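This report describes selected residues and charged pairs. The sequence and structure are shown below.

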Amino acid sequence: MRARDLLMEQNVALDRARREAETAIRARNDFLAVMNHEMRTPMHAIIALSSLLQETELTPEQRLMVETILKSGNLLATLINDVLDLSRLEDGSFQLEIRTFNLHALFRELLNLIKPIASVKKLSVLLSLAPDLPEYAVGDEKRLMQIILNVVGNAVKFTKEGSISITAFIEKSESLRDPRAPEFFPVPSDSHFYLRVHVKDSGSGITPQDIPKLFTKFAQSQSLATRNSGGSGLGLAICKRFVNLMEGHIWIESEGLGKGCTAIFIVKLGIPERVNESKLPFVPKVPTIHGQTNFLGLKVLVMDDNGVNRTVTKELLVHLGCDVTTVSSGDECLQVVSQEHKVVFMDISVPGIGGYEVVLRVHEKFTNCHERPLIVALTGNTDRVTKENCLRLGLSVPRACLAPHGANLLYGVLRSV
């Protein structure tokens, strides 16, 4: 009986400790999520307005200062997004968004994003796709792009001269098992394949003893190759989590300092049963904006309760030639919106009359769909529920943030109208 009573006391203590730990984890993750959301608003303003300032007449000293602000802002924005991703990964709330996408187009877009950055350092970037690599695949396109961008971005960062090569092919069944990763259990099937990507650079390399530290969060290698690189030590740690969610494996090979580096990862992707291009999401090509655009005089309404967001969005649209009116609430939006407004950019999380209710009332106000403006949702939350609610009401959701390159993003949205 004494043993039984002792066991019951221990079970009660363990249950209390478990509940307290779960409460602490939820509180931490809620805090991180709120803080990251609140930090994004000023960061996006800094990045967007700095990019607009960069296009004005500046002295060399002023241009250098603006470029430094922009670079620091982008680093901070990356850190904020990494911390939010990490908090969602650790509390188990993160889910992959599985859909059919164009795998070849993803790599071409990657090349277009990386080449301008590499050209500043006079680095050549080569892309090689295997002839038998499927054009379409099923998986999380956004996270796959995030993995590749992070790995290739590291290659550019740690390479002073030379080249970077990106190779993608289907991993053969007999080569899938890797003794270095006993937790990696690939299962061949006709319904999926394993994509293998190699990113090789001629950069500073890394010592073998430092390689395991690269995938540990908040850990920085102390070698000369990474001592002054900046960053948070989160990028590759998050990539490893994403790769694991895709039932894959990631590792890095290097012969030592000064001998370059090769990052390799394998992820599992599905094979679409039937590729119907009309069902694939349309992503407009967004050119870089130079000079006058064809949106001169286009009447646009911006609804946002945050004054900084209103200013940033307005300046970006004015930069495109639009005639912009701003409002701060749903009531004000319903009073101001008219047939003259062709597009309404709307924060769906405003207090009072919420964004979704405003959309319904705008539809009631303009029963003729030809007179109704296109409504584009602006939101910092792009989870599945938010996207489904927006699509159900016929809202366009371009992206969670307008910066960096906010003007180019809005240009793409307006071109697709």
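## A buried asparagine

N102 lies in strand β1, residues 99-102; strands are DSSP runs of E with at least two residues, numbered from the N terminus. The structure is a predicted model in which local features need pLDDT of at least 70 and side-chain atom pairs count only at pLDDT 80 or more, while totals for chains, interfaces and linings use all residues. Residues are numbered from 1 along each chain as its sequence is written, and side-chain values use heavy atoms, with hydrogens and water left out.

Because its relative accessibility is 16%, N102 counts as buried (buried is under 20% relative accessible area, exposed over 50%, partly exposed in between; 1.4 Å probe, protein chains only). The N102 side chain reaches the backbone nitrogen of A105 at 2.8 Å.

## The annotated aspartate

An unreviewed UniProt entry places "modified residue: 4-aspartylphosphate" at D347; such annotations may be inferred rather than shown by experiment. D347 belongs to strand β10, residues 343-347, and is buried at 11% relative accessibility. Beyond its neighbours within four places in sequence, D347 is in contact (heavy atoms within 4.5 Å) with M303, D304, D305, G355 and L378.

## Salt bridges

The structure holds nine salt bridges (a side-chain nitrogen of Lys or Arg within 4 Å of a carboxyl oxygen of Asp or Glu). One of them joins K299 and D323 at 2.8 Å, N to O. K299 lies in strand β8 (residues 299-303) and D323 in strand β9 (residues 323-327), so this pair ties together parts 24 residues apart in sequence. K299 is partly exposed at 29%, and D323 is partly exposed at 35%.

Salt bridges also link D15, R18, R19 and E22 in a network.

Conventions:
Helix = DSSP H or I, 4+ residues; strand = E, 2+ residues; numbered from the N terminus. Polar contact = N/O pair within 3.5 Å; in protein donor to acceptor, adjacent residues only side chain to side chain.
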